[in-house]
Amino acid sequence: MSRFVDRVVLHAAGGEGGNGCASVHKEKFKPLGGPDGGNGGNGGDVVLVVDSSVHTLLDFHFRPHHAGGNGKQGQGGMRNGAMGASLELRVPNGTVVMTEDGEVIADLVGEGTRLIAAQGGRGGLGNAALSSKARKAPGFALLGEPGERRDLVLELKSVADVGLLGFPSAGKSSLIAVLSAARPKIADYPFTTLVPNLGVVTAGETVFTVADVPGLIPGASQGKGLGLDFLRHIERCAVLVHVIDCATYEPDRDPISDIDALERELALYTPSLGGDLAARPRMVVLNKIDIPEGRDMAEFVEAELKERGLPVFKISTASREGLRELTFAMAKVVEDYRASKPVEEVTRVVLRPKAVNETGFTVEADPETPGGFIVRGERPERWVLQTYFGNSEAVGYLADRLARLGVEDELAKRGAEPGCSVTIGEMTFDWEPTTPAGIALAMEVRGEDPRLDRTDRISAADRKQARRVRRGQVVEDEDEE
């Protein structure tokens with residue numbers, strides 16, 4: 001059984017960036033030839049691409065989780081890691097991307113339109129890229145960043161020129177079947193069509209699309225019945241066509257009351273994109289005039305509808321009476337609508353540079369820890385993720401970066417005391433303002449930072465002294481004295 005899905009939740013995850021490499025060039029007669037660790041590769045993005053051959057979001061209904069490829073780790077010899085493969089997901093034309101809170105991120109209209117749903121993480125720098133006058137041979141490299149993770153709502157709004165509206169069993173499916181090559185299921189169902197049908201219609205040199213929107217009932221704008229599930233499919237239509245059943249057997253219904261009920265629902269419905277359905281052109285199709293009672297009813301209400309300024313067409317999908325006039329009338333309205341729209345321009349890339357005086361971080365009191373502080377900002381949190389805390393030199397490099405950014409000074413201004421907890425991202429530190437972070441300090445031992453007290457690791461001088469004691473050199477020196 002075929003299914004039509006027009007609203008799904010997509011869980012997109014960008015690929016993780018590869019770690020940088022800490023390597024030193026070695027060859028004969030040149031034991032320390034300088035750092036040559038390569039950078040890690042960037043993670044792959046998850047990209048949404050509009051494809052006109054895709055008409056439903058069914059694939060995302062069964063497979064909502066998608067992730068980009070991970071970047072590879074850098075290697076010695078200045079070899080950078082391979083970049084992760086980006087994942088392109090095909091979506092129908094007219095897909096609206098929103099957050100879970102309903103905020104519209106993008107309206108994907110037009111073949112080939114692209115949107116990065118989740119960006120891959122950047123690869124970590126190798127020690128070759130981190131070398132400087134202070135650190136000529138860094139004994140560390142930066143870790144790769146994790147990819148962006150986002151939960152997005154994809155909502156399909158059909159891109160059709162003409163929208164057919166009407167109560168269940170009014171003849172909308174039959175009309176689209178005789179106007180186009182679409183073949184929807186048609187029968188005297190006690191319920192409405194469950195999925196919108198699209199058909200392509202040709203009238204002279206004009207080609208346009210017609211959407212058969214599932215039947216509306218009173219209260220649809222408030223979610224009754226199929227309600228808002230399919231009202232969204234008429235937001236992009238150039239003209240709305242009321243298909244009225246003039247031969248209904250329900251005693252409490254007539255063409256005028258049907259149109260009034262549908263118009264009330266359209267007036268109450270507010271499209272999420274800010275469209276105004278009340279301003280769209282209207283047409284009225286009085287269907288089933290092949291039945292004598294239907295023809296009499298159509299002639300009875302025709303004058304009143306024309307007094308309202310509505311174009312009226314009496315047709316029969318069974319005998320095909322009046323279909324030619326209706327088709328060319330639709331084409332004329334569509335042509336006028338297209339001519340009134342502004343000329344579409346090529347999408348421009350918009351750059352929004354940040355202000356030069358922007359610090360890029362904020363410091364606020366920690367509500368859960370008395371005397372603690374929380375540092376928030378894109379760069380500090382990213383730097384923490386890039387740091388391997390098992391390497392003291394890498395930790396010292398992080399302290400230098402935070403000091404240059406101004407985090408140390410801001411903490412001092414906020415009254416931070418030595419030993420208070422400072423949280424950046426998911427990492428909590430004990431703040432020590434006496435650490436001379438940010439100064440140009442030459443590193444004597446690779447992988448270590450002399451500014452940090454490390455009692456759990458024996459220094460080279462201590463190892464040399466212990467070796468001399470084992471060999472008895474210290475005793476001989478004392479005897480000579």
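The model is predicted, so local features need pLDDT of at least 70 and side-chain atom pairs pLDDT 80 or more, while totals for chains, interfaces and linings use all residues. Residues are numbered from 1 along each chain as its sequence is written, and side-chain values use heavy atoms, leaving out hydrogens and water.

**Salt bridges**

Arg-150 is partly exposed, at 24% relative accessible area.

Next, select Asp-260 and Arg-308. Their side chains form a salt bridge, 2.8 Å from N to O. Which parts of the chain does this pair link? Asp-260 is in helix H5, and Arg-308 is in the loop between helix H6 (292–307) and strand S14 (312–314), so the pair links distant parts of the chain, 48 residues apart (helices, H or I of at least four residues, and strands, E of at least two, are DSSP runs numbered from the N terminus). Asp-260 is partly exposed at 26% relative accessibility, and Arg-308 is partly exposed at 40%.

Move to Lys-332 and Asp-336, a salt bridge with its closest N and O atoms 2.8 Å apart. The two residues are separated by about one helical turn because they are four residues apart in helix H7 (residues 323–340). Lys-332 has 46% relative accessibility and is partly exposed; Asp-336, at 41%, is also partly exposed.

Then select Glu-88, Arg-90 and Arg-114, which a network of salt bridges links. Over the whole structure, a search finds 18 salt bridges.

Go back to helix H5 (residues 255–268) and pick Asp-258. Is Asp-258 buried or exposed? Asp-258 counts as buried because its relative accessibility is 3%. Leaving aside residues up to four places away in sequence, Asp-258 touches Phe-167, Ile-244 and Arg-253 (contact means heavy atoms within 4.5 Å).

Now pick Val-407, in helix H10 (residues 407–413). Val-407 has a relative accessible area of 3% and is buried. Residues up to four places away aside, Val-407 touches Phe-361, Val-375 and Leu-402. Val-375 is 32 residues from Val-407 along the chain, yet their C-alpha atoms are separated by 8.0 Å.

**Charged patches**

Select Glu-100, Asp-101, Glu-103 and Asp-151, which form a negative surface patch. Patches take residues with over 30% relative accessible area and no salt bridge, joining like charges within 9 Å and nonpolar side chains (Val, Leu, Ile, Met, Phe, Trp, Tyr) within 5 Å. Lys and Arg count as positive, Asp and Glu as negative, and His and chain ends are not counted; a charge is placed at NZ of Lys, CZ of Arg, CG of Asp or CD of Glu. Areas come from the Shrake-Rupley method with a 1.4 Å probe; for residues, only the protein chains shown count as cover.

Asp-101 sits in the loop between strand S5 (95–98) and strand S6 (104–108). Asp-101 is exposed, at 77% relative accessibility.

Finally, select Arg-463, Lys-464, Arg-467, Arg-470 and Arg-471, which make up a positive surface patch. Arg-471 belongs to helix H11 (residues 460–471) and is exposed, at 58% relative accessibility.

**Whole view**

Clear the selection. The protein has twelve helices and 18 strands. Of its 481 residues, 44% are buried.

Conventions: A salt bridge is a side-chain nitrogen of Lys or Arg within 4 Å of a carboxyl oxygen of Asp or Glu. Buried means under 20% relative accessible area, exposed over 50%, partly exposed in between (1.4 Å probe, protein chains only).
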